[in-house]
Amino acid sequence: MEVKLKDTFYISHGSPTLSIDETIPARKFLQSWKKDVFPQRPTSILVISGHWDTAVPTVNVVDTTNDTIYDFYGFPKPMYQLKYPAPGAPHLARRVKELLKQSGFSRVDEDKKRGLDHGAWVPLLLMYPEADIPVCQLSVQSDKDGTYHYNMGKALAPLKDEGVLIMGSGSAVHNLRELDPHSTVAPWALEFDNWLKEALLEGRYEDVNHYEQKAPHAKRAHPWPDHFYPLHVAIGAAGENSKANLIHSSIELSSLSYASYQFASAAN
């Protein structure tokens, strides 16, 4: 029987140290994924990661095992020894390309060499540690806007009925210059985080699409939008009138938000 999924997700992956640091609260949340959050087993996983930013939408078409990309620098050595050898999902990659082109995205590129960046493999290592579900990535375009990425998600909505777990991976507040291990939670970061929570839970997705004008401290929370746009894709992919649910909330290093959301599709 074909697996059909109702939900899409936005996961805040925060710091790469999530992969080894037992003190980060989001780690336990992700480790409890299959038991407490999402027991359904997807046929494959599509990750839209803030760590893959390209001029045009691009999918990684990997026929064998995905390489583990260590796209972070100066971290503890054990992190560079972790591996997430999930199979590639070339069929899914080509299906993503097909759906995007059908929806007016005129050019979609294929990358046959790229594996999984840490926005994909770090959370997946905790969520699906067996690494036995095929994974494909889709890039963001940081020179576009929230509505563009919402429409990208809308184009991908049919994948849910094909058993694909659609997961945006970024950080709800992401300003690396403002991180401070010695400080309490920054008021501006909390204000943006709370605005986002209220907007999503109230279904004000248009406000989130236009967050630069609507949200407090928008530019400070996201000086560059690459870690926010995966959220817009997840919202769009959930379909009209989807219901948002906050599934995890924590802030580390003064302003790095791990807020994560589930978007449940409206009943057909």
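# Notebook: cores, rings and charges

I began with the nonpolar cores, and the largest has 52 residues, of which Leu 46, Leu 156, Leu 200 and Phe 263 touch the most other members. A second, separate core has 33 residues, among them Leu 124, Tyr 128, Val 135 and Tyr 258. For my own reference, a nonpolar core is a set of buried Ala, Val, Leu, Ile, Met, Phe, Trp, Tyr and Cys residues joined through side-chain atoms within 4.5 Å. Buried means under 20% relative accessible area, exposed means over 50%, and partly exposed is in between (1.4 Å probe, protein chains only). In soluble globular proteins, nonpolar side chains tend to be buried together.

A note on what I am reading: this is a predicted model, where local features need pLDDT of at least 70, side-chain atom pairs count only at pLDDT 80 or more, and totals for chains, interfaces and linings use all residues. Residues are numbered from 1 along each chain as its sequence is written, and side-chain values use heavy atoms, with hydrogens and water left out.

**Entry: Asn 66**

Where does Asn 66 lie? I found Asn 66 in the loop between β3 (58–60) and α3 (90–102). Helices (H or I, at least four residues) and strands (E, at least two) are DSSP runs, numbered from the N terminus.

Is Asn 66 buried or exposed? Asn 66 has a relative accessible area of 3%, so I noted this residue as buried.

I then looked up its polar partners. The side chain of Asn 66 makes a polar contact with the side chain of Asn 60, at 3.3 Å. A polar atom of the Asn 66 side chain also lies 3.0 Å from the backbone oxygen of Val 135, and Val 135 is a member of the second core. A polar contact here is a pair of N or O atoms within 3.5 Å; within protein, one must be able to donate a hydrogen and the other to accept it, and residues adjacent in sequence count only if both atoms are side-chain atoms.

Not counting residues up to four places away in sequence, Asn 66 touches several others, including Tyr 84, Pro 87, Arg 114 and Leu 116. Contact means heavy atoms within 4.5 Å.

**Entry: aromatic rings**

How many aromatic pairs are there? I counted 16. Rings of Phe, Tyr and Trp (its six-membered ring) pair if their centres lie within 6.5 Å; planes under 30 degrees apart count as stacked, over 60 as edge-to-face and the rest as tilted.

I looked at Phe 72 and Phe 75, whose ring centres are 5.6 Å apart with planes at 85°, so this pair is edge-to-face. Phe 72 is buried at 3% relative accessible area, whereas Phe 75 is partly exposed at 29%.

My next pair was Tyr 211 and Phe 228: the centres are 4.6 Å apart and the planes at 70°, so this one is edge-to-face. Tyr 211 sits in helix α8 (residues 211–214) and Phe 228 in the loop between α9 (218–221) and α10 (229–238), so the pair ties together parts 17 residues apart in sequence. Their C-alpha atoms are 10.0 Å apart. Tyr 211 is buried at 3%, and Phe 228 is buried at 0%. Leaving aside neighbours within four places in sequence, Tyr 211 also contacts others, among them Trp 195, His 222 and His 232.

I also noted a cluster in which ring pairs link Tyr 70, Phe 72, Phe 75, Tyr 80 and Trp 121.

**Entry: salt bridges**

How many salt bridges does the structure hold? The structure has 15, each a side-chain nitrogen of Lys or Arg within 4 Å of a carboxyl oxygen of Asp or Glu.

I followed Arg 95, whose side chain meets that of Glu 98 at 2.8 Å, N to O. Both lie in helix α3, three residues apart, about one turn of the helix. Arg 95 is buried at 19%, while Glu 98 is partly exposed at 38%.

Arg 95 also has a salt bridge with Glu 162, at 2.7 Å, N to O. Glu 162 is in the loop between α5 (146–156) and β6 (164–170) and Arg 95 in helix α3, so this pair ties together parts 67 residues apart in sequence.

My last stop was the salt bridge between Lys 112 and Glu 110, at 2.9 Å, N to O. Lys 112 is exposed at 55%, and Glu 110 is partly exposed at 29%. Elsewhere in my notes, salt bridges that share partners join Glu 202, Arg 204, Asp 207 and Lys 214 into one network.
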